[in-house]
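Let's take a friendly walk through a protein chain, going from the overall picture down to single side chains. Keep the 3D view open as you read.

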Amino acid sequence: LHVHHLTNILNYPANIFLMHHDSNPDLKIHTKFSLLKKALPCDLNLFNLRTVNDVNLATLPSRSALLIVHKLNYDCNIGVHNNAFYSELCLNNEDNFDNIDLFEGIQIENVQRTSLTALKSHGSISSFKAEPIEAMELKTFNVTFIE
């Protein structure tokens, strides 16, 4: 588990893209921003979070985003329980991916389980616990936000 985390941090740092806008030269950029209310369980990797294009105006984003998560597979017998950081912070947050109210300061209208490409919907969910994720599995959720 420790190696998975280190590999993900080194190989996939968070990319932040900014757009320069001349009408607001005093735009302040925050160096830290917390998107999630709580840390995800340590064996769950946020694979992707991307906006969905608007149906009528394809160049604009809609109120929805695809949340793709990947459940890692690891051996519990290798060093995790001897590491204080992982014992205290990681192994005790398994329930953090239960409530669909994941995001800080953003209200969610509904969450639907979808195919990886989001072409097929598998119905609305009220809790992520209703959709258990097996080891090494990817699951995709279409999250619609309240404007």
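A residue counts as buried when its relative accessible area is under 20%. By that rule, 29% of the 147 residues of this chain are buried. The chain exposes about 10700 Å², and carbon and sulfur atoms supply 54% of that area.

What you are looking at is a predicted model. Its mean pLDDT is 79, with 72% of the residues reaching 70 or more. Confidence is lowest in helix α2 (residues 84-90), where the mean is 58. Strand β5 (residues 138-145) sits at the other end, with the highest mean, 94. Where pLDDT is low, the predicted coordinates should not be read in detail.

**The overall layout**

The chain has 2 helices and 5 strands. Among contacts with a separation of 6 or more, 68% join residues 24 or more positions apart.

Now look at how the strands line up. β3 and β5 pair in the antiparallel sense over 6 bridges, and here V111 stands opposite V143 in β5. β3 also pairs with β4, again antiparallel, over 3 bridges. In that pairing, T114 faces S121 in β4. β3 and β4 form a hairpin with 6 residues between them. Find A118 in the turn: its phi is positive, about 65 degrees.

**Inside the core**

Which residues touch the most other members of the largest nonpolar core? In this core of 17 residues, they are L67, V69, F97, V111, F128, F141 and V143. The elements that give two or more residues to the core are β2 (61-71), β3 (108-114) and β5.

Leaving aside neighbours within four places in sequence, its contacts include L40, P41 and L44. F97 also meets L67, V69, F128 and F141, which are listed among the core residues with the most partners.

**Two aromatic pairs**

The structure holds 2 aromatic pairs, and the table sets them side by side.

| Pair | Distance between ring centres | Angle between planes | Arrangement |
|---|---|---|---|
| F103 and F145 | 5.6 Å | 70 degrees | edge-to-face |
| F128 and F141 | 4.8 Å | 80 degrees | edge-to-face |

F103 lies in the loop between α2 and β3 while F145 is in strand β5, so their pair ties together parts that are 42 residues apart in sequence. F128 belongs to the loop between β4 (121-125) and β5, and F141 to strand β5, so this pair links parts 13 residues apart in sequence.

**A closer look at F145**

Why does F145 count as buried? Its relative accessibility is 16%, and the cut-off is under 20%. Not counting residues up to four places away in sequence, F145 touches R63, A65, F103, I106, Q107, I108 and E109. One of these, I106, is 39 residues away along the chain, and its C-alpha atom is separated from that of F145 by 7.2 Å.

How values were computed
Residues are numbered from 1 along each chain as its sequence is written. Side-chain values use heavy atoms; hydrogens and water are left out. pLDDT is the predictor's confidence in each residue, from 0 to 100. Helices (H or I, at least four residues) and strands (E, at least two) are DSSP runs, numbered from the N terminus. A nonpolar core is a set of buried Ala, Val, Leu, Ile, Met, Phe, Trp, Tyr and Cys residues joined through side-chain atoms within 4.5 Å. Buried means under 20% relative accessible area, exposed over 50%, partly exposed in between (1.4 Å probe, protein chains only). Contact means heavy atoms within 4.5 Å. Rings of Phe, Tyr and Trp (its six-membered ring) pair if their centres lie within 6.5 Å; planes under 30 degrees apart count as stacked, over 60 as edge-to-face and the rest as tilted. Accessible areas come from the Shrake-Rupley method with a 1.4 Å probe; for residues, only the protein chains shown count as cover. Two strands pair if DSSP finds at least two bridges between them.
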